[in-house]
Structure formats: structure tokens, C-alpha cells
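Here is a walk through a two-chain model, written for someone who likes to know the cut-offs behind each word. Have a look at the sequence and the coordinates before reading on.

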Amino acid sequence: MKLTLKIWRQAGPEKSGSFETHELDGVSEDSSFLEMLDQLNEQLLADGKEPIAFDHDCREGICGTCSLTINGHPHGPENSTTSCQLHMRKFKDGETLTIEPFRARAFPLVRDLVVDRSAFDRITQAGGYITVRTGSAPDGNAIPIPKPDSDSAMDAAACIGCGACVASCKNASAMLFTAAKAGHLNMLPQGQAEKDKRTLDMVSAMDDAGFGNCRNYGECSAACPKDISLDFIAKLNRDHAKANLKKLLS
Amino acid sequence: MFSTSLGKKYLMALTGIVLIGFVFVHMAGNLQILAGQEQINKYAHDLQSLPWFVLWGSRIFLLACVILHAWTAFALVSENRKARPRPNEVEVTKKAGWSSLYMGLTGTILLSFIVFHLLHFTIRLIFPEYNELKTTVGSPDDSEIQDVYKMVLAGFRLEGVSVFYVVSMFLLCRHLSHGVSSVFQSLGIRSESWRGRLEVASEAYAWLVFIGFSIVPVAVLAQESGIFSLFDAAVFSSASLLP
């Protein structure tokens, strides 16, 4: 395959950035999107140029490190796929691809396509702990949890924290991420003790990080490589309202 | 509570509920014009004759909801702009529809419509001549009351005004289509199994409101062009801008 790649280049957080166009020939249809970028970097190195910085780690769709907006879609146009699991056969020979970093004020750019997503870590940290007995392993059936509840909590816990929800949102809202992270604990009996505090603290950490507000577009869920449902946002709204009312009345 | 991002969304939803309810009552009130001059004049007179604290209480409450709804929207939008200073080079959507993307635009036009509408038919500053349209038809005691029937006919016989009203109601329809379903999401009373049903219900409500409000200006224009006649021919022909 032969591709024209329009890629965002920016030397550092304080530098100004712009798009740079590269031609890349001999791309295998079986290579992943990141392997295609590796190939481009090899070519740049051979030409004595600076390679393009991009984030990657596990390359098997579970770490949430890759962060590319491809033709306007975080992780590319395919549904339920991370950039590393996106194959070049999904694109056409001769196509022009625009590759940009995840754009949000809360995700400051580090270099080229790499952004700093530690705002997500701060939201997760704000969620705090759950009260459980430590020490020897607890009895597996000591706390009865209905199957639908554990399934639903697992659906929320599938969030890999990649930030595609923020990147796909016109308002750079982190509601889907926060909802998934708060939701998987708020849904289980083990998460009940700290539920209200967790909900209020996580939302406040989300606001402090400078993310935008949810407009119920549904873009986040559509872009999510793990198909996290908008229901978790509804649940976060509900839990937050309840926690606030309780705080007000206490 | 209302200072957080979610709190502002609750405020949007709660004021939205009031306004969603209000447009329905307003629409049902308007449609009484189809029952004739006596009915609509009587209805309007009854509303105006409510005890002052009920009348002004409701007016101030509704106005407060509109202002709060618009002000919160403004606050949310300015935060959203700050949150994403640079848009994508390629802006695409997978799911977001026209009505959800342009809530701010439709809302702003609706706000200007509300101001125009109040100046047009309620405060009657645009055409002060409307104040002189008095009649005893529909009056409880043969005293002269405002001839709302004639005023509405006179108002909508102006093509430009009717078109502006119908276009605004279409924008209201789009605003409601996203707004009604968002109320459930923002207040957290929606689940996956209900999502589809709630979306159909809000779309249906939006179109109901559009049709309900547009019938009157469309019927006036239709009578004006001689397509069909729903209104009293004598009153219609005498209802022009200058009484």
C-alpha cells in the first residue's frame, strides 16, 4: 500500500505545532496502524530526520496507551478498536490519512502525537479506596452479588483509560471515563461504604482538571474501544445527585 | 451543588422540564383558537383575570427559568470552549445528530424568538394598534375585552411574521428532540432498556409541539391565499395590521 500521511508535529509543549506530510510506500495490509508508523519512523531515521513521537505499549488493545486521532476519529474509524489493533487493510491504497494527537486542554501535549493523560490518574486517585478485609484471601462467596450486577460492573471496569472519550467529545468531556471508573465500584457491594464520597470527589477532580461538560452527544461511547455504555454516565449523574442531596440534608 | 459540571446539567434539566411542560400548556391554549372567537377570547380573558399573585408568580417563575436555562447554557458553553481550545483538523461525528450539535444555535434563536413573541403578542410593543382590538365576544359580562382572535389573525396575516414563527417552531422542535431525551440522561433516570423508547418519545413530543404551534400560522396563511378557511370570514377580512 502507498499512503500520504498528514501528521501533527510539535517539538514540545510550549512550541507551536503544524501538520507535516509524508509519503510512505510498501505498507503491508496486515500491519497494524502503529507498525505503519514504525515503518515511517524507520524511513525518517534513514533520511536523517527526527522520528515522530507517539505513545504505545502493549500493542494488544488492553493498556490504553495508544492515542491517535485518525481522520477525525480517536483510534480510527473502526468501532471497538484501539489504534494498535487497527489494521492497514481497513484503509485504501493511495489514501491520505490525517493523524493528530488527542485534543483537550486537560491533556497537554508533550511532543508530536504524545499527550499527558495524568488528569485521568488524578480522577482515579480521587476515587480513593474501598473498605475490605486485607490479609488472607476472602471467601469467594462471602458477599452475594447477582450475576447481572457483576456483569455490569465488569462492563464499566473494561475501561482502559485511553482518553478516546475525551478526544471524540466536541467539549473534551471526561464523563464517560469518570462514570466508568466510579460506576464499577458504585455498582458492587464492596463499593457502597465510600460511594457518596467517591462520587463527589471524582467529579470534583474531573472539573478541576479542566475537562468540558457532557452534552449527551453520545460520541464518547461510539469512539470507546471498549464500548462503555452511556448508561454509566446516567448512573454517575444519578449517584452524584443523590450524594449531593444527602450532603445537603445531613 | 449547582457549581459543579453535573450540577449545571441538573439546572439545565430542571429548568428544561418546566419549559417543556410550559410549551405544551401554551400549545393547548393556542389551539382553542380553532374552536372559535368566543372560546379563545374567553380563555385569554380568564388567564388575564387570574389573581395577580398567580399570574405574576407564574410569569416571573417562567421568565426565571428561561433566564436560568440560558445563563447556565452560556456558562457551560464557555467552559466547553476552554476545555478544547483547538478542534480536530478533521471534525467528524459517529453518533451526534444535527439537533444535539446545534443546541446552542437553536437555543439562541429561540431566545430571540421569545423576546420578539412577548413584544408582539403579550406586551404588544411592536404593533401597539393590537391594544385597540377590543370586543365583547367571549366576555363574561358584556364589557370590552382584548380580541385575541382578531389579534392573532392580524398578526399571522403578515407572511414574514408567520414564516418566522413556523421556522422558530421548527427550531424548537429540534431543540426539544435533544432536550427532552437529555433531561432523562442528565438527571440519571435512563437505562439501556429505556434509551430507545425515551428517544422515540422525545422525538414524538418535539414533532407534536411543532405541529401544534404551526397549525395556526399555517391556517391563517392558507386562508389568506384562499386554500382553505378555518377562521370566521368576517373577522378574518377585517383583521389587518391597522385596525
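Helix H5 (residues 175–186) and helix H6 (residues 195–208) of chain A have axes that come within 10 Å and cross at roughly 170 degrees. Here an axis is a line fitted to C-alpha atoms, for helices over the stretch in contact, and angles run from 0 to 180 degrees between N-to-C directions. That crossing makes H5(A) roughly antiparallel to H6(A), a label given to angles over 145 degrees, while under 35 is roughly parallel, 65 to 115 roughly perpendicular and the rest oblique. From H5(A), the contact is made by A:Thr178, A:Lys181, A:Ala182, A:Leu185 and A:Asn186, and from H6(A) by A:Lys195, A:Arg198, A:Thr199, A:Met202, A:Val203 and A:Met206. Contact means that two C-beta atoms, placed from the backbone, lie within 7 Å. By class, the residues of this contact divide into five nonpolar, three polar and three charged. Nonpolar covers Ala, Val, Leu, Ile, Met, Phe, Trp, Tyr, Cys and Pro, charged covers Asp, Glu, Lys and Arg, and the others, Gly among them, count as polar. The elements themselves are DSSP runs numbered from the N terminus, with helices (H or I) of at least four residues and strands (E) of at least two.

A word on bookkeeping: this is a predicted model, in which local features need pLDDT of at least 70, side-chain atom pairs count only at pLDDT 80 or more, and totals for chains, interfaces and linings use all residues. Residues are numbered from 1 along each chain as its sequence is written, and chains are lettered from A and ligands numbered from 1 in the order in which they are written.

Staying in chain A, the domain assignment, which is automatic or from a database, gives domain 1 (3–100) and domain 2 (118–249). Their centres, taken over C-alpha atoms, are separated by 30 Å. Twelve residues of domain 1 of chain A are in contact with ten residues of domain 2 of chain A. The side of domain 1 that touches domain 2 has three nonpolar, nine polar and no charged residues.

Chain A also has an open sheet of five strands in the order E2-E1-E5-E3-E4, with mixed pairing. Two strands pair if DSSP finds at least two bridges between them. The edges are strand E2 (18–24) and strand E4 (73–74) of chain A, each of which pairs on one side only. Strand E1 (residues 3–9) runs parallel to strand E5 (residues 96–100), with four bridges joining them, and antiparallel to E2(A), with seven bridges. What does A:Ile7 stand opposite in E5(A)? A:Ile7 faces A:Ile99 there, and its bridge partner in E2(A) is A:Glu20. A:Lys6 has A:Thr98 as its bridge partner in E5(A).

Next, a few single residues, with their burial side by side. A residue is buried if 20 or more other C-beta atoms lie within 10 Å of its own, exposed if 12 or fewer, and partly exposed in between, with C-beta atoms placed from the backbone.

| Residue | Burial | Other C-beta atoms within 10 Å |
|---|---|---|
| A:Asp112 | buried | 23 C-beta atoms |
| A:Cys165 | buried | 30 C-beta atoms |

A:Asp112 is not a glycine, yet has a positive phi of about 45 degrees; A:Asp112 lies in the loop between strand E6 (109–111) and strand E7 (114–115) of chain A. B:Arg124 also has a positive phi, near 55 degrees, in a residue other than glycine. You'll find B:Arg124 in the loop between helix H5 (103–122) and strand E1 (134–135) of chain B.

A:Cys165 is found in helix H4 (residues 164–168) of chain A. Leaving out residues up to four places away in sequence, A:Cys165 touches A:Ala174, A:Leu176, A:Phe177, A:Cys220, A:Ala223 and A:Cys224.

On to chain B, which has nine helices and two strands. From the N terminus, the elements run α-α-α-α-α-β-β-α-α-α-α. Along the principal axes, the C-alpha atoms of chain B fill a box of roughly 60 × 45 × 35 Å. Of the 243 residues in chain B, 32% are buried.

Finally, the interface: 34 residues of chain B are in contact with 40 residues of chain A. Helix H1 (5–30), helix H3 (52–83) and helix H7 (159–186) of chain B each supply at least two residues to the side that touches chain A. That side of chain B divides into eleven nonpolar, eleven polar and twelve charged residues.
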